[in-house]
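Good morning, colleagues. Please turn to the sequence and the model on the screen; I shall go through the core, the ligand site and some details of the backbone.

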Amino acid sequence: MPNYLPEPFRIKVVEPIHMITLEERRRILEKAGYNVFNIPSDKIYIDLLTDSGTGAMSDRQWAGLNLGDESYAHCRNWFHFEKAIRELTGLKYIIPTHQGRAAENLLFSTVAKDGMIIPNNNHFDTTRANIIANGGVPLDLVIDEGKDPSLEYPFKGNVNITKLENVIKEYGKENIPVMMLTITNNSGGGQPVSIKNIKDVKEVVSRYGIPLFFDACRFAENAYFIKIREEGHGNTSVKEIVKEMFSYADGCTMSAKKDGLANIGGFIALNNDSLAERIKERLILIEGFLTYGGMAGRDLEAVARGLEEVMDEDYLAYRISQVKFLGDLLEEAGVPILKPTGGHAVYIDARKFMEHIPQSQFPGQSLVVSIYLQAGIRTVEIGSLMFAHKDPRSGEIVYPDLDLVRLALPRRVYTSAHLRYVADSIIKSYNNRKNLRGMKIVEHGESNLRHFIARLYFVD
Ligand SMILES: *Cc1c(COP(=O)(O)O)cnc(C)c1O
């Protein structure tokens, strides 16, 4: 029996969910072009598409919404928002955006010029797309351990420091405007980065005068992993660890829809004066005034309160154990998952799940489709559909290291009974895996963010 921690909250508001028939699910999939992003949410029984903006807010956050000050400029919630983020990050300029990708757009449209290199452990899909859209080249430098799904290793989000040095020498520091570090590493399985690695990355890039920016969406989950996995940190509070993490950052982008525990929101924060000036000008052009950046006053308040709540260690212990609980149920039944389980999701190794489907036929998407059809559960492919792309130089298709299906857990939303149902359903698919078929894209295959809009069908 896997261990679990009871939810450190009780439920005060409920939202009914219900299951539609198999026939209806079949019809809906066809209409959706076998892309689960196209399925209306009331046709979903359990929605594990993403942990982004899908969390339940606390009573304190809901109370905060009523204190929203909807003045255009310098509303009271802005000051709470700014203070919360300044205390968290210690960074000088706090610039609000409506979500994470807008922060990325602001950063890369300001610093990335044609052919410039942006290294990271692994770029998230919107980060990669924003870099490419601005003429930059995203590079993934995660350690080799991070690419082996079955290897147990505590910090699979770490950067390969030797590779990083070599990249800087090869391309020249003048062609690397910023080093990104995604904590936790979403595309690599929600895996944490150790304090030691953050320090080492900082040491290398600062030797060359390259600023270090965190993609900080899950900073609290990362800090909790440091607390429980990294030697010497067991007795340090998450708050202290977060402080130390950010002491190595020259800036960060963040989607508050993750560890901000809010349904919308984000920011970019940084120390550099001239860069901040340029970003602020662009903010007004594309997002809004400097003190709201695309958010309502009430949203700013929800984020300010969420950023404080997320560092509660009872919450984080429950959060990380909930993900592990689902992972353990699957693993006990032999389902190949990425190990160890990460911070916000369980990732199924789709290529191992069905070895008869080649990468070119999107094994992950085939599994996503099957899980919805069988159980009404929405998951997402993080693999070839999302990341395979034509190399601009060679013209060849480059496939990602992993083909995963992500079961992302919305924060404070589903109970362990829901998770048992999810595990049972996927185990059923696993026992029936020989019948799964490969897929092909029939529409929108060329977009950099094609997984959001592509339409697919089964191969013959
Ligand atoms: C969600 C996410 C983003 C983008 O944030 P949005 O709010 O969805 O625009 C960027 N990086 C990582 C690691 C994320 O998980």
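I begin with a term: a nonpolar core is a set of buried Ala, Val, Leu, Ile, Met, Phe, Trp, Tyr and Cys residues joined through side-chain atoms within 4.5 Å. Buried means under 20% relative accessible area, exposed over 50%, and partly exposed in between, with a 1.4 Å probe and protein chains only. The model is predicted: local features need pLDDT of at least 70 and side-chain atom pairs count only at pLDDT 80 or more, while totals for chains, interfaces and linings use all residues. Residues are numbered from 1 along each chain as its sequence is written, and side-chain values use heavy atoms, with hydrogens and water left out.

The largest nonpolar core has 60 residues, and those that touch the most other members are Phe 81, Leu 164, Phe 214, Phe 219, Met 245 and Phe 246. Helix α8, residues 219–229, supplies the largest share of this core, with six residues. Helices (H or I, at least four residues) and strands (E, at least two) are DSSP runs, numbered from the N terminus.

I turn to the ligand. Its shell consists of 15 residues, of which Arg 101, Asp 215, Arg 218, Ser 255 and Lys 258 are the closest; a residue is counted as near if one of its heavy atoms lies within 4 Å. By class, the shell divides into two nonpolar, seven polar and six charged residues. Here Ala, Val, Leu, Ile, Met, Phe, Trp, Tyr, Cys and Pro count as nonpolar, Asp, Glu, Lys and Arg as charged, and the others, Gly among them, as polar. Helix α4 (residues 100–111) gives the most to this shell, with three residues.

Which distances separate oxygen atoms of the ligand from N or O atoms of Gly 100, Arg 218 and Ser 255? For a backbone N or O atom of Gly 100 the value is 2.9 Å, for a side-chain N or O atom of Arg 218 it is 2.8 Å, and for one in the side chain of Ser 255 it is 2.7 Å. The protein covers 97% of the 380 Å² of accessible area that the ligand has on its own, by the Shrake-Rupley method with a 1.4 Å probe.

Asn 121 lies in the loop between β3 (117–120) and α5 (125–133), and its relative accessible area is 0%. A polar atom of the Asn 121 side chain is 2.9 Å from the backbone oxygen of Gly 157.

Finally, the backbone. Most residues other than glycine have a negative phi, and most peptide bonds are trans. Ile 183 and Thr 184 are joined by a cis peptide bond with omega about -15 degrees, and Thr 184 sits in the loop between β5 (179–182) and α7 (195–207). The bond from Lys 339 to Pro 340 is also cis, with omega near -10 degrees.

His 74 has a positive phi, near 50 degrees, and is partly exposed at 45% relative accessible area. Phe 362 has a positive phi of about 50 degrees, but is buried, at 7%.

Key
A polar contact is a pair of N or O atoms within 3.5 Å; within protein, one must be able to donate a hydrogen and the other to accept it, and residues adjacent in sequence count only if both atoms are side-chain atoms.
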